[in-house]
Amino acid sequence: MYALGVNHAYHETAACLVHDGRILAAAEEERFTRVKHGKAARVDNPHELPVNAIDYCLEEAGITLADVDHIGSSILPAKRLRNSVFTDLVAAGDWGGPGGETTFYDHLQTVPARLREMGFQGRFHWLSHHLCHAASAYYPAPFDRAAVLAVDGIGETASTMVALGESTRLSPSMEISYPASIGFLWEKIAKYLGFSEYDACKVMGLAAYGDPAPYRDHYRHILKLLPDGQFSLDNDVLRFRMDDYSGLTDLFGLGPRPPRGGMSSDYADITAALQAATDDVMLHLARHAARSLGTRNLCMAGGVALNCVANGRIAATGWFDNLYIQPAAHDAGTALGAALLIWHHVLGGPERDEMRHAHYGPHFTEAAIEAALQEHGAVYKRVDDMAGEVARLLADQKIVGWFQGRMEFGPRALGNRSLLADPRHPAMRERLNRVVKNREDFRPFAPSVLAEHARQWFDIPTPSRASDFMLVGYRALQPEKIAAVVHIDGTSRIQTVHADLNPRFHQLISHFHRITGIPLVLNTSFNDREPIVCTPADAITTLHRANIDYLAIGDFLVEPPPTGPGHSAAMSSR
């Protein structure tokens, strides 16, 4: 039995194919179209399907859409339409208003017919957005009973769900409705700071440079923790559905930061207080889940579950023995959740497929890779010991694009579509931010560390599967030795690498450990202001235009053109 899950209503459009409960393939549309987030979230485009991601999933299984028995979409259109009757400040014809919500609803209603035009003959399902998030976190986890938190901007009318997973059933125990939305709070503050609504990662990185104390009481004015895990936000101030920042200007006594404007310490303090307020809410929710559901296992999903600082705070409480966070915690993961909900809830399927890795995307044969290299006129050689060769290059201060195996599902590069570098020297961080990634200096980089050495280098009170996916921040124990991957607050968002799950990446780090005495490498996503590379052509194009020294793709080591930007001077070793 084939079940296909699709996420298409808002952003991070994606598809996932499951066969008898086993995950076969999952991918985000942006990786194929090279359009970040797949598409913008608009009221007039929820019917735009992730057709490339769907085609990939079908091709991976060797089937057509006619062979798919069930398709699930991670949205309930009728429930979403209730937004049109809420009292809210809205722009005419847009989100929250009768015209905008009706447009959104009407476009959604065309989706089943569109799928049938593409060849689908099975049963179609509309599914709860937050239940899909919860399913994406619980069903792939190694627990038979767990509390589940799904926290994001909005699904249909809610921003947050607490649920109990038992065996193959998920039972919601609490929902928190709009406008109490931590996800929307981050989007609003990101835009107030001159970024886009998708730049929560920038805000989180900036927060470590600020002091929360000057603005903590300001957030307490608009955010209230309520009994039984509930919380509220003052939308009279925030005005989520309007490009209006007058309430925030009055609250903070500071106008919005112009895009590309100077970043004063006040803005950093505002982000630090935002992070502190988010920690408070997430701890409030986690405490309620632990007490009310009586389990020491916690699963998490939703865009807010990508906040590694808050995740680290939860992991450190001791309330839970085990923590599992869906690696595609943002909306793309609801495609996976939709497919698994069909298998377990609709069909009563008993088998669960533990998701120990996130490598469910496209892969390419050596012949396909070499053909792409020849087509692009690349200068390359075949290498017998790629892991050892790249480890030596990294130790010599080279930056290497690492393209191996199946592409990751989710926003993190986890050792198959990564840019790798030496973590020892602080200048490497500046070089990567300014010259390669073209991003702000305050953005941190993460380490990929051998799992067997992780607790010697980071303060990990309780090991967690979440660290396999680069989703928890831990305090570095020897920060002076790995300065390029330790943030200003002394923490690192680590990825623990296991020999049985990614043997070639583990071999590379092991070689680097033997050369340098450091059992970790700097790992960041293989991209330059665009989606993570998917194909060999994407990787070669990025090599040619970015300041990358080498590309290790399959068994081929590629150099940029002799006059290309990748031939920058390496840093001296100290």
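Which residue forms a salt bridge with Arg239? Select Asp244: its closest approach to Arg239, N to O, is 2.6 Å. Arg239 itself is partly exposed, at 24% relative accessible area. Keep in mind throughout that this model is predicted.

**Stop 1**

The whole structure holds 33 salt bridges. Pick Arg220 and Asp217. Their side chains meet in a salt bridge, with 2.8 Å from N to O. Colour them by accessibility. Arg220 is partly exposed at 43%, while Asp217 is exposed at 55%.

Now select Arg382 and Glu370. Here the salt bridge spans 3.8 Å, N to O. Arg382 belongs to strand E13 (residues 379-382) and Glu370 to helix H15 (residues 366-375), so this pair ties together parts twelve residues apart in sequence. Both ends are partly exposed: Arg382 has a relative accessible area of 49%, and Glu370 has 23%.

For a network, select Arg34, Asp528, Arg529, Glu530, Asp538 and Arg545 together. Salt bridges link these six residues.

**Stop 2: the nonpolar cores**

Nonpolar side chains tend to be buried together in soluble globular proteins. In this model the largest nonpolar core has 175 residues. Centre the view on Phe252 and Phe458, which touch the most other members of that core. Then show helix H12, residues 265-293. This helix gives the core its largest share, 14 residues.

Stay on Phe458 and display its surroundings. Beyond its neighbours within four places in sequence, Phe458 contacts Pro447, Val449, Tyr474, Arg475 and Ala476, among others. The list also includes Leu477, Ile482, Ser492, Ile494 and Leu520.

Another core lies apart from the largest one. It has 24 residues, including Leu24, Tyr56, Ile63 and Leu115.

**Stop 3: His453**

Is His453 buried or exposed? It is buried, with a relative accessible area of 19%. Find His453 in the loop between strand E16 (446-450) and helix H18 (454-457). Leaving aside neighbours within four places in sequence, His453 is in contact with His513 and Pro519.

**Stop 4: aromatic pairs**

There are 17 aromatic pairs in the structure. Start with Tyr324 and Phe469. Their ring centres are 6.0 Å apart and their planes stand at 85°, so the pair is edge-to-face. Tyr324 lies in strand E12 (residues 322-325), and Phe469 in the loop between strand E17 (458-459) and strand E18 (473-476). The pair therefore ties together parts that are 145 residues apart in sequence. Both Tyr324 and Phe469 are buried.

Move to Tyr380 and Phe556. This pair is also edge-to-face, because the planes stand at 90°, with ring centres 5.5 Å apart. Tyr380 is in strand E13 and Phe556 in strand E23 (residues 556-559), so distant parts of the chain, 176 residues apart, are linked. Tyr380 is partly exposed at 26%, whereas Phe556 is buried at 1%.

Then select Tyr192, Tyr215, Tyr219, Phe252 and Tyr267. Ring pairs join these five into a cluster.

**Stop 5: charges over rings**

Finish with two arginines. Select Arg241 and Tyr178: the charged end of Arg241 sits over the Tyr178 ring, 4.0 Å from its centre. Then select Arg80 and Phe104. The charged end of Arg80 sits over the Phe104 ring, and the distance to the ring centre is 5.7 Å.

Conventions: Residues numbered from 1 in each chain as written. Predicted model: local features only at pLDDT ≥ 70, side-chain atom pairs only at ≥ 80, totals over all residues. Heavy atoms only, no water. Salt bridge = Lys/Arg side-chain N within 4 Å of Asp/Glu carboxyl O. Buried < 20%, exposed > 50% of the residue type's maximum accessible area, 1.4 Å probe, protein only. Helix = DSSP H or I, 4+ residues; strand = E, 2+ residues; numbered from the N terminus. Core = buried A, V, L, I, M, F, W, Y, C linked by side-chain atoms within 4.5 Å. Contact = heavy atoms within 4.5 Å. Phe/Tyr/Trp six-rings, centres within 6.5 Å; stacked < 30°, edge-to-face > 60°. Lys NZ or Arg CZ within 6 Å of the ring centre and 35° of its normal.
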